[in-house]
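Subject: Structure handover

Hello,

Here is the structure for you to take over. Please open it alongside this message.

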Amino acid sequence: MQVRDSAQGYGIVSRTFHWAMALLLVLQVTTALLHLLAGDSAAARTVWPLHFQIGFTLWWLVLLRGSWALANYRRRPPHEGSPLLARAATMGHLALYALMVVVPTLALLRAAGRGRGVRLYGIQWMPEGTPEIPAFTAAGNALHGTLGWVLASLVVGHVGFALWHGLVRRDGTLARMWRGR
Ligand code: HEM
């Protein structure tokens, strides 16, 4: 089994990061949609606390995944298609990574700064009742939700392009992330 990435495909570490984060992002956007559309319902109240836990998990996963991607940068398969298409794919992936870091970071900073305590994975990381730090909360208040929806839209576009590569172009792009070659 190939651990590291190669020109022929992604190794098991990159593929595990990719599909685990894909699943968590779908769950995360589902909790956000329920919160937006039916915030008072029992279903929304049940799943909304998961938003914090899943978001925190996505945050440390993307930091590990980004480090692994950088370590494998020169070994990764090139993008298929014309130079313009390949450049567009690179820009799209950079935007996805940037938002996967920025969106949860803004929310975690806000959680740390709003003085109501931070409890994640059953551990009280910050106590309740500390003074609010507006410098930590302002950016999250202004941007977390909006950038979250931008990230969700990019993920939908990413899935659409992956399916186009797999079903229309049949160029092996999908197989490299699914089977590794
Ligand atoms: C990649 C990770 C994340 C994504 C994609 C994401 C996405 C979103 C989206 C789309 C909304 C808007 C919901 C609405 O319009 O009602 C939202 C709201 C919210 N999120 Fe997240 N989120 C993430 C991580 C986090 C984390 C780590 C926390 C907490 C530490 C958090 C806390 C909140 C809160 C409190 C709201 C409601 C207030 C607001 O809209 O700013 N999120 N999130």
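The notes below go through ring pairs, salt bridges and pockets in turn. Please keep in mind that this is a predicted model.

Aromatic pairs

Searching the whole structure gives 6 aromatic pairs. One of them joins Trp-19 and Trp-178: the ring centres are 5.2 Å apart and the planes stand at 90 degrees, so this pair is edge-to-face. Trp-19 is partly exposed, at 35% relative accessible area, while Trp-178 is exposed, at 57%.

Phe-56 and Trp-59 make another pair, with ring centres 5.9 Å apart; their planes are at 20 degrees, so they count as stacked. These two sit 3 residues apart in helix α2 (residues 42–71), a separation of about one helical turn. Phe-56 is buried, with a relative accessible area of 12%, and Trp-59 is partly exposed, with 25%. Both also belong to a cluster, in which ring pairs link Phe-56, Trp-59, Tyr-121 and Trp-125.

Salt bridges

Side chains of opposite charge can pair when their charged atoms come close. The count here is 3 salt bridges.

Arg-76 pairs with Asp-5, and the closest N and O atoms are 2.8 Å apart. Arg-76 is in the loop between α2 and α3 (83–113), and Asp-5 is in the segment before α1, so the bridge ties together parts that are 71 residues apart in sequence. Arg-76 counts as partly exposed, with 23% relative accessibility, whereas Asp-5 is buried, with 0%.

Arg-176 forms a salt bridge with Glu-80, where the closest N and O atoms are 3.0 Å apart. This bridge also links distant parts of the chain: Arg-176 is in helix α5 and Glu-80 in the loop between α2 and α3, 96 residues apart. Arg-176 is buried, at 9% relative accessibility, and Glu-80 is partly exposed, at 27%.

Asp-171 and Arg-169 form a salt bridge as well, with an N to O distance of 3.0 Å. Asp-171 is buried, with a relative accessible area of 17%; Arg-169 is partly exposed, with 36%.

The largest pocket has a volume of about 1600 Å³. It is lined by 50 residues, and His-79, Ala-89, His-93, Leu-96 and His-158 are the closest to its centre. Two or more lining residues come from each of α1, α2, α3, α4 (134–169) and α5. The element that gives the most is α4, with 12 residues. By class, the lining of the largest pocket has 34 nonpolar, 12 polar and 4 charged residues.

The second largest pocket has a volume of about 840 Å³. Of the 35 residues that line it, Gln-28, Trp-48, His-51, Ala-107 and His-144 lie nearest its centre. At least two residues of this lining come from each of α1, α2, α3, β1 (116–120), β2 (123–128) and α4. Here the largest share is that of α2, with 8 residues. The lining of the second largest pocket divides into 20 nonpolar, 10 polar and 5 charged residues.

Regards

Key. Residues are numbered from 1 along each chain as its sequence is written. This is a predicted model: local features need pLDDT of at least 70, side-chain atom pairs count only at pLDDT 80 or more; totals for chains, interfaces and linings use all residues. Side-chain values use heavy atoms; hydrogens and water are left out. Rings of Phe, Tyr and Trp (its six-membered ring) pair if their centres lie within 6.5 Å; planes under 30 degrees apart count as stacked, over 60 as edge-to-face and the rest as tilted. Buried means under 20% relative accessible area, exposed over 50%, partly exposed in between (1.4 Å probe, protein chains only). Helices (H or I, at least four residues) and strands (E, at least two) are DSSP runs, numbered from the N terminus. A salt bridge is a side-chain nitrogen of Lys or Arg within 4 Å of a carboxyl oxygen of Asp or Glu. On a 1 Å grid over the protein atoms alone, a cavity is a set of points where a 1.4 Å probe fits but cannot get out, and a pocket is an open set with protein on both sides within 12 Å along at least five of seven lines; lining residues have an atom within 4 Å of a point. Grid points are joined across faces, edges and corners, and a volume is the space filled by probe spheres set on the points. Ala, Val, Leu, Ile, Met, Phe, Trp, Tyr, Cys and Pro count as nonpolar, Asp, Glu, Lys and Arg as charged, and the others, Gly among them, as polar.
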